[in-house]
Amino acid sequence: MVSSMTANGAKPRIAVLTDDEQGLPPGLDALDGHAEVRHADSEDTLRSALPGADILLVTDFRTEALAAAWDSADSLKWIHATSAGVDALMIPEVRDSDIPVTNAAGIFDRSIAEYVLGAILMMAKDFPGSMALQRDHAWRHRDTERVNEHSVLVVGAGNIGRQIARLCNAVGMRVSGVASSDREGDADFESIHASSRLMDLLPDFDYVVVAAPLTPATQGLFDADAFERMAPHARFINIGRGPIVVTDDLVEALQDGVIAGAVLDVFEEEPLPREHPLWDCPNTVLTAHMAGDFIGWR
């Protein structure tokens with residue numbers, strides 16, 4: 001809980017950075033009389049909100065705005081992100097400071113896991129195909145897959161990855177994880193492998209799920225070579241971060257049938273441009289970076 005007084009006896013000052021359509025997040029009215037809340041939704045308004053601010057709350061990850069206005073941040077003692085990932089906030093000025101950066105760890109884990117399970121079921125039961133046939137008013141019976149005993153590789157065996165494993169286990173799937181090092185005897189994963197083994201593991205799985213954070217080690221991790229190593233029937237699901245994938249390589253893999261399909265919630269460029277070829281890739285489902293956002297999360 002925010003103290004109603006700072007060390008010098010003044011009320012804490014909180015700068016809140018949102019997008020230009022969002023407005024302040026709900027719940028901040030509880031701070032009336034205890035803190036000064038300053039709303040920013042652009043570089044200019046952020047520059048005005050930061051001087052003297054003790055806390056920066058970020059609901060919109062405008063790294064360009066933050067970097068541009070950073071010279072106005074003369075009193076920050078805490079930066080909090082309303083997301084699980086904080087990579088967008090880690091501009092050099094923040095990394096080089098001693099200001100703690102916190103996140104919304106745990107808030108989105110179950111919701112993201114539900115999204116992934118839904119994506120797997122949707123691809124196995126060919127809902128994209130059914131919806132396309134529905135648009136054409138076409139009745140076409142066909143057999144679809146079961147997910148029981150199919151295999152899932154979760155790249156990123158942290159809290160989100162663990163929730164994904166639990167839900168996939170519940171429908172009879174076999175789940176392995178990829179982490180920084182090998183682990184044995186895990187309660188949720190059949191096995192956890194070191195990330196150095198990823199390329200050797202890819203051919204053996206029906207579904208590959210990216211749940212890793214964006215770091216120098218994961219940026220561009222899934223490129224043409226990775227997709228070539230996946231089984232031709234495999235589906236790729238990304239709920240991690242867009243830059244973990246080389247998008248042009250993924251587009252080519254989908255267009256050429258190197259992999260069987262993809263469900264993507266994050267992208268190298270967001271919003272995804274209307275003319276981007278991903279929109280029209282076969283057996284591909286795109287969502288607008290919303291896998292973890294459930295009604296009431298704010």
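## Ala253 and its surroundings

In this predicted model, Ala253 is in contact with Phe227, Val258 and Ile259, once its neighbours within four places in sequence are left aside. The residue belongs to helix 9, which covers residues 247-255. Ala253 has a relative accessible area of 4%. Because buried means under 20% relative accessible area, Ala253 counts as buried.

Ala253 can also be placed relative to Pro232. These two residues stand 21 residues apart along the chain, and their C-alpha atoms are separated by 9.7 Å.

## Two nonpolar cores

The largest nonpolar core contains 34 residues. Those with the most contacts inside this core are Val116, Ile120, Val152, Ile164, Tyr207, Ile237 and Ile239. At least two residues of this core come from each of the following elements: helix 4 (109-124), strand 6 (151-155), helix 6 (159-170), strand 7 (174-179) and strand 9 (207-210). Helix 4 gives the most, with nine residues. Val116 illustrates how parts of the chain meet: not counting residues up to four places away in sequence, Val116 touches Ile164, Val209, Ile237 and Ile239.

A second, separate core has 32 residues. Ala253, described above, is one of them, and Leu250, Leu278 and Cys281 are also included.

## The cavity

A search of the whole structure finds one cavity of 30 Å³ or more. The space in the largest cavity comes to about 50 Å³. Its lining is formed by Asn238, Gly242, Val245, Thr247, Leu250, Leu264, Val266, Phe267, Glu268 and Leu278. By class, six of the lining residues are nonpolar, three are polar and one is charged.

Strand 3 gives the most, with three residues. The lining divides into 15 nonpolar residues, five polar residues and one charged residue.

Asp54 lies in the loop between helix 1 (43-49) and strand 3. With a relative accessibility of 6%, Asp54 counts as buried. Asp54 and Asp74 are 20 residues apart in sequence, and the distance between their C-alpha atoms is 8.7 Å.

Most residues other than glycine have a negative phi, and most peptide bonds are trans. Several places in this model depart from that pattern. Glu270 and Pro271 are joined by a cis peptide bond, with omega at about -5°. Pro271 is located in the loop between strand 11 (261-264) and strand 12 (284-286).

Asn283 lies in the loop between strand 11 and strand 12 as well. Its phi is near 50°, a positive value in a residue that is not glycine. Asn283 has a relative accessibility of 44% and therefore counts as partly exposed. His289, found in the segment after strand 12, likewise has a positive phi of about 50° although it is not a glycine. His289 counts as partly exposed, since its relative accessibility is 33%.

## The protein as a whole

The secondary structure comprises nine helices and twelve strands. Along its principal axes, the C-alpha trace spans about 70 × 50 × 30 Å. The protein has 298 residues, and buried residues make up 46% of them.

Among contacts between residues at least 6 apart in sequence, 54% join residues at least 24 apart. The protein exposes about 15400 Å² of surface, of which carbon and sulfur atoms supply 50%.

Conventions
Residues numbered from 1 in each chain as written. Predicted model: local features only at pLDDT ≥ 70, side-chain atom pairs only at ≥ 80, totals over all residues. Heavy atoms only, no water. 1 Å grid on protein atoms, 1.4 Å probe; cavity = no way out; pocket = protein on both sides within 12 Å on 5 of 7 lines; lining within 4 Å. Points joined across faces, edges and corners; volume = space filled by probe spheres on them. Nonpolar A, V, L, I, M, F, W, Y, C, P; charged D, E, K, R; others polar. Core = buried A, V, L, I, M, F, W, Y, C linked by side-chain atoms within 4.5 Å. Buried < 20%, exposed > 50% of the residue type's maximum accessible area, 1.4 Å probe, protein only. Helix = DSSP H or I, 4+ residues; strand = E, 2+ residues; numbered from the N terminus. Contact = heavy atoms within 4.5 Å. Areas by Shrake-Rupley, 256 points an atom, 1.4 Å probe, with all protein chains shown as cover.
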